[in-house]
Amino acid sequence: MDRNRKVAAALLLAGALGAGSIAAQEKSSALQEIEKYRAALGDDNPAELWEARGEGIWKEKRGPKNASLEKCDLGLGPGVVKGAYTVLPKYFEDSGKVEDLESRLVTCMENLQGLAPAEAKKDPFGGPGKKVPMDALVAYIVSQSRGMKMNVAATNPKEIEAYELGRRIFFYHGGPHDFACETCHGADGKRIRLQDLPNLTKTSDVQHTYSTWPAYRVSEGEVRTMQWRLKDCFRQQRFPELEYVSPASVALTMFLAKSANGVVLNAPAVKR
Amino acid sequence: MKIRAAMVGDKVEVKVLMAHEMETGQRKDSKGAVIPAWFIQNVTATVNGRTVLSAEWGPAVAKNPFLSFRFSGGKPGDKVVITWTDNHGDKRTDEAIVAG
């Protein structure tokens with residue numbers, strides 16, 4: 001009897017100490033509140049406002065060439081929006097580089113609409129009182145791949161190169177804190193303040209994470225894209241600024257996207 | 001505005017997503033100047049001319065407000081009309097048909 005009680009007590013203690021991620025035990029109240037918000041929204045998502053605006057911008061004639069983006073090749077042929085996000089990033093002949101969605105939109109703005117590169121890349125992220133075309137376009141295009149499986153080929157030598165570069169960047173320690181992506185995202189059960197962190201070296205986590213970006217960030221009242229998320233990660237690590245649609249950002253995206261292959265896209269999603 | 005209206009039991013559940021900055025008038029910009037208040041003050045929902053919801057909002061309501069409510073006495077096919085007016089005098093109206 002006494003021995004059994006001791007064993008039971010030991011197991012209880014071990015269970016408490018060996019707790020997995022916060023999510024496995026009890027959820028943080030922040031997570032619970034967000035889930036309540038999601039449940040109240042049901043099928044609705046403020047990102048829909050961006051999706052509707054994005055569809056308008058896709059069809060709107062802009063720039064010196066007074067053309068719309070409707071002939072833009074997003075990876076499945078000119079003008080094909082449905083399913084295009086599932087094959088990105090991808091190598092494109094016309095630009096000679098591997099491009100993710102935002103990079104591709106910048107290319108099309110330059111080529112089809114005649115916008116200067118600086119103009120096309122200007123102000124990609126919205127803010128209070130500031131509506132920008134890019135995040136709306138991303139929300140619209142991604143919404144047209146909702147429910148479909150990520151299917152990044154990464155067969156072209158340049159695509160393989162981008163994947164390998166992205167992987168190297170993920171594990172590269174640098175900056176004043178000697179951080180790498182893997183510092184926060186390289187193991188189970190990590191958390192920053194109240195935010196549980198996915199282990200992006202684990203397939204199930206990277207799949208779940210990738211399938212929920214871009215997302216409407218409630219705390220910001222904006223739709224945030226993958227480029228935004230990576231740039232903010234670099235900022236949080238106190239790395240030098242990650243330039244918008246730079247080869248490094250596309251490489252990192254390629255690494256994550258290919259790792260997430262097979263997951264059903266559920267974006268634009270809702271996040272804290 | 002995005003409006004969805006559907007029957008839930010014998011009540012109609014309406015969900016509305018409004019695009020609005022909802023500035024409280026308390027925030028300051030990067031230069032230190034106060035960003036003026038700009039928020040929805042009144043929301044009304046009518047069905048076949050009957051007011052089913054009337055709301056007075058203030059700066060506490062968040063950006064891009066999401067409103068969800070239920071009312072009785074509605075049926076599939078009814079037209080729900082939502083109107084908001086803000087403190088600038090701007091007004092927006094949208095409608096949706098109650099789904100089955």
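These legends accompany several views of a predicted model with chains A and B.

Two reading notes: chains are lettered from A and ligands numbered from 1 in the order in which they are written, and residues are numbered from 1 along each chain as its sequence is written. In this predicted model, local features need pLDDT of at least 70 and side-chain atom pairs count only at pLDDT 80 or more, while totals for chains, interfaces and linings use all residues.

**View 1. Confidence along chain A.** The average pLDDT (the predictor's confidence in each residue, from 0 to 100) is 89 for chain A, and 89% of its residues score at least 70. Take care with residues 8-25 of chain A, where the pLDDT is below 50; beyond near neighbours in sequence, this stretch has 13 contacts in the model. Two residues are in contact if their C-beta atoms, placed from the backbone, lie within 7 Å.

**View 2. The strands of chain B.** Chain B has 7 strands and 0 helices, giving the pattern β-β-β-β-β-β-β along the sequence. Here strands (E, at least two residues) and helices (H or I, at least four) are DSSP runs, numbered from the N terminus. The C-alpha trace of chain B spans about 50 × 20 × 15 Å along its principal axes.

**View 3. Where chain B meets chain A.** Each chain brings 10 residues to the contact. On the chain B side, β1 (2-8), β2 (11-17) and β5 (66-72) each supply at least two residues. By class, this side of chain B has 5 charged residues (Asp, Glu, Lys and Arg), 3 nonpolar (Ala, Val, Leu, Ile, Met, Phe, Trp, Tyr, Cys and Pro) and 2 polar (the others, Gly among them).
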